Amino acid sequence: MSDSILFTNARLFTGVDDAVIGSAAIWVEGRYIRYVGRAADIGPVGEAVRRVDLGGKFVMPGMTESHAHISYTNNGPGDLDKTPVEQAMIWSIDNARLMLGSGFTSAISFGSVHRIDVYLRDAIDKGQIPGPRLCASGRDIGATSSNADLHPDYARPQMEGLGMLADGPWAVRKAVRTLRKNGANVVKLFLDGEGLSNHAPPGELTYTDEEVEAAISEAHARNMRVATHSRSAAAVKQAVKFGADFIGHANYLDDEAVDMLRRARDRLFVGPAIAWEMQFLANCESMGFTREAARNRGYEREVEATVDAVRRLRAAGVRVLIGGDYGLNITPHGTYAKDLEYFVDLFGLSPAEALLCATRDGGAAVDPSGMLGTLEAGKYADLVIVDGDPLADIRVLQDHRRITAVMKDGQLYRDLTRANPYLGSADDLASPRGAVTAGSRLAEAVLAGE
Ligand SMILES: [Zn+2]
């Protein structure tokens, strides 16, 4: 069996810029891209290379979910860590599969219940389960009365769930060191809070500068990156000042915050993660809030402020990433590509610009060495084959039936979004489904348009 495959007759979006190349070819050898571009320019290709005619399907780089909570179990926001760890682990295995099947070949975790993400990452890397390349975080770190302090004092669960409370620089350093010992790549830090939270609203800083400096310097010294929850300008400035790598939300910006972000734009990324606000406003009644109450909590204003913030960030050349807070009851797993629609309809990006945020910029956030996010010779073969044109309608990426196949690391996957992809039928004996190497006969069967 050859480990080399040549896709031809593709409409190619490389993610390098917003161009589309018709009649394109992509040559994958092992886990790397050997050639990508016009089929006419490819030069000699050996006889042993398996050829698959894509029939004009759209090929784009794999996307990055930049603010992932794979271990959330579609609970309400107050119940994030109330699923038993055993059940949460099973959900997470399913969620990782669903994320990859939805076209997201990479993810940056923004907080995990228990130590689930670390074990997921390792199982994915070993090939035991399908899932995205995962920058794994540990439990959230926050102060007493921060947004990580989820449960009232009279009802604190007697288990280690999502929040790790640490007050004072040395306690914060110890929390970061604990994550290092537990194998995390990312430290999630709460710098301010949430409209729904009575004790930690946006704009009320929940850590002092001294504590934030301790957390971030300790994380960097221990080879981990830092993701912050920063809704207000004050919390964004605190994150930038002390060197955070991924800033989540950044809904309310002032001139000084925009200027600081602009000056730091080569070393950090911002993700608005607007799905939560949008779906909360759309579903507030089912969550026990009238529209009036949701407005009083500031959520309509927050959406308006975020539209303005994203416009200013992009004008300042700051890389804005898609994704965020999928895995709640109102933002269930599998709906990650909805974020691209928000980028187009709400933030006013073109579909190609939104795709670049999802691919090129997300890939750079996951892998600073530059091996991800675009389809270029020498890079990892992470790509999505789409039966449709996301540049004409970005919503096609939300339709799992239109995701013909996903390739990660040169490995082709299909049907990962089915409720149970392991179910077999007699037909499968002739054309087995599931994860297979690029050179197998499945590639041919799948991509011939079966
Ligand atoms: Zn989050």
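**Helix H2, a zinc site and a helix pair**

In this predicted model, helix H2 spans residues 116-126, and its buried residues are Ile-116, Asp-117, Val-118, Leu-120, Arg-121, Ala-123 and Ile-124. An α-helix has 3.6 residues a turn, so residues three or four places apart point the same way. The cover over the buried residues of H2 includes one helix, H1 (85-101), together with the strands S7 (104-109), S8 (133-135) and S16 (403-408). Just after H2 comes Gly-127, whose phi is positive, at about 85°.

The next site is the metal. A zinc ion is coordinated by His-67 and His-69, each through NE2, and by Asp-325 through OD. The distances run from 2.0 to 2.2 Å. Along the chain, the spacing of these donors is H-x1-H-x255-D. His-67 belongs to strand S6 (residues 63-68), while Asp-325 sits in the loop between helix H9 (299-315) and helix H10 (338-346). This pair links distant parts of the chain, 258 residues apart. His-67 and Asp-325 are both buried.

Two packed helices are described by the angle between their axes and the distance between the axes. On the H7 side, the contact is made by Trp-276, Glu-277, Met-278, Phe-280 and Leu-281. H9 contributes Tyr-299, Glu-300, Glu-302 and Val-303. By type, the residues of this contact comprise six nonpolar and three charged, with no polar ones.

How values were computed: Residues numbered from 1 in each chain as written. Predicted model: local features only at pLDDT ≥ 70, side-chain atom pairs only at ≥ 80, totals over all residues. Heavy atoms only, no water. Donors = N, O, S within 2.8 Å, 3.2 Å for Na, K, Ca; no water. Helix = DSSP H or I, 4+ residues; strand = E, 2+ residues; numbered from the N terminus. Buried < 20%, exposed > 50% of the residue type's maximum accessible area, 1.4 Å probe, protein only. Contact = heavy atoms within 4.5 Å. Nonpolar A, V, L, I, M, F, W, Y, C, P; charged D, E, K, R; others polar.
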